[in-house]
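Subject: Structure for you to look at

Hello,

Here is the structure I said I would pass on. My notes on it follow below.

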Amino acid sequence: MAEAKARELPRIERPLSPHLQVFSPLINMVMSIVHRITGAALYFGSLLLVWWLLAAASGPEQFATVNWFFGTFIGKIILFGYTWALIHHALGGIRHLIWDTGLAFDLKSVDILCWGTIIGSVTLTVLIWAVVLLGGGA
Amino acid sequence: MRTPLKNVRRLGSAKDGTDHFWRQRLTAVGALLLLPFMLWFAITLFGADYQTVRQTLASPIVAILLVVFIVTSAVHMRLGMQVIIEDYVHTDGTKIALLMLNTFFAVLIGLAGTYAVLKMSFGVAM
C-alpha cells in the first residue's frame with residue numbers, strides 16, 4: 001500500500017550538476033574516468049582468466065586452442081591491454097586508499113599522485129612485457 | 001537531521017552504504033596484496049605448455065592463492081559494477097535487471113574460476 005502510493009508521487013525536478021563537457025580536462029578528472037573505465041574493462045576481462053583456467057582444466061586440446069589464441073598478435077594486444085588496465089586500476093586504487101585516509105588532498109599532491117598513476121602504469125606494463133617477451137615466454 | 005520526508009517520498013536509504021564502501025576497500029587491499037603473486041603467475045605461465053601449467057597448478061599454495069584472488073576479485077568487481085549501474089541507469093526496471101545480471105555474472109565468474117582451479121588441484125600428486 002505505502003509503496004504503491006509513493007510511486008504515484010511526481011518526481012521533483014532538482015537542479016543538475018553541470019555535465020562533464022563544461023570542465024577542461026584536468027589530470028585528476030581524467031584519472032578518475034580512466035579508473036572507472038579500466039575497472040569495467042577488467043570486469044569483462046575476468047572472462048579471459050576464467051576461459052584460460054577452464055581450458056586448462058578441460059584437457060590438452062582445449063588448452064592448446066586458448067594458448068594459440070593468446071599467442072596470436074590480437075591475443076597479445078588484448079593481454080597487453082589487460083595488463084595495463086590491471087596495473088593502472090591497482091595504482092589508481094592505491095591512490096584512492098591514500099585519499100581515504102584524508103591525506104594528500106592539496107593540489108600538488110593530487111597532481112603528483114595522478115601523474116604517478118599513469119606514468120607508473122605505463123612503465124610497469126612495458127617492463128612486465130619486456131620480461132615476458134625477452135624471457136622467451138612467447 | 002531526520003525528517004519524515006523519507007516516509008512519504010520513495011523508500012529512502014537502504015542503509016548499507018558503509019558496508020558497501022568497506023567491502024570495496026577490503027577486497028581492494030586483498031587484491032593488491034595478491035597482485036605480485038598474480039603477476040608472477042601470469043609472467044611464468046604466459047605461453048607455457050599444458051604440462052607446465054598443470055604442474056604449477058598442482059601446487060596447493062598456487063591453487064589456494066588463485067582461488068582467494070578469484071573470489072576477492074569477483075566480490076570487488078560486483079561492487080564496482082553495481083555503482084556504475086546505479087550511476088548511469090535511472091529506469092527502475094532496467095536498473096534492477098542489470099543489478100541482478102551483475103550479481104549473476106560475478107557469481108558465475110567466481111564459481112567457474114574456483115571450480116577450474118580445484119579440479120586441477122584435487123587428486124593430483126605433487
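In this predicted model, helix H2 of chain B (residues 17-45) packs against helix H4 of chain B (residues 60-88) at an angle of about 145°, and their axes are 9 Å apart. The crossing of H2(B) and H4(B) is left-handed. On the H2(B) side, the residues making the contact include His20(B), Thr27(B), Ala31(B), Leu34(B) and Phe37(B). H4(B) contributes, among others, Leu65(B), Phe69(B), Thr72(B), His76(B) and Leu79(B). Sorted by class, this contact has 10 nonpolar, 7 polar and 1 charged residues.

Chain B as a whole has 5 helices and 0 strands, in the order α-α-α-α-α along the sequence. Its radius of gyration is 20 Å, well over the 14 Å that the globule rule gives for 126 residues, so chain B is more spread out than a compact globule. Its C-alpha atoms fill a box of roughly 65 × 30 × 25 Å along the principal axes. Of its 126 residues, 21% count as buried. Among its contacts between residues at least 6 apart in sequence, 75% join residues at least 24 apart.

The largest nonpolar core has 33 residues, and Leu53(A), Ala56(A) and Ala116(B) have the most contacts inside it. Elements supplying at least two residues each are H2 and H4 of chain A and H2, H3, H4 and H5 of chain B. H2(A) gives the most, with 9 residues. Leaving aside residues up to four places away in sequence, Ala56(A) touches Phe63(A), Val53(B), Arg54(B), Leu57(B), Ala116(B) and Met120(B).

Regards

Technical notes
Residues are numbered from 1 along each chain as its sequence is written. Chains are lettered from A and ligands numbered from 1 in the order in which they are written. This is a predicted model: local features need pLDDT of at least 70, side-chain atom pairs count only at pLDDT 80 or more; totals for chains, interfaces and linings use all residues. Axes are lines fitted to C-alpha atoms, for helices over the stretch in contact, and angles run from 0 to 180 degrees between N-to-C directions. Helices (H or I, at least four residues) and strands (E, at least two) are DSSP runs, numbered from the N terminus. A crossing is left-handed if the near helix is turned anticlockwise from the far one by less than a right angle, and right-handed if clockwise. Two residues are in contact if their C-beta atoms, placed from the backbone, lie within 7 Å. Ala, Val, Leu, Ile, Met, Phe, Trp, Tyr, Cys and Pro count as nonpolar, Asp, Glu, Lys and Arg as charged, and the others, Gly among them, as polar. A nonpolar core is a set of buried Ala, Val, Leu, Ile, Met, Phe, Trp, Tyr and Cys residues joined through C-beta atoms within 7 Å. A residue is buried if 20 or more other C-beta atoms lie within 10 Å of its own, exposed if 12 or fewer, and partly exposed in between; C-beta atoms are placed from the backbone. The radius of gyration is taken over C-alpha atoms; the globule rule is 2.2 Å times the number of residues to the power 0.38.
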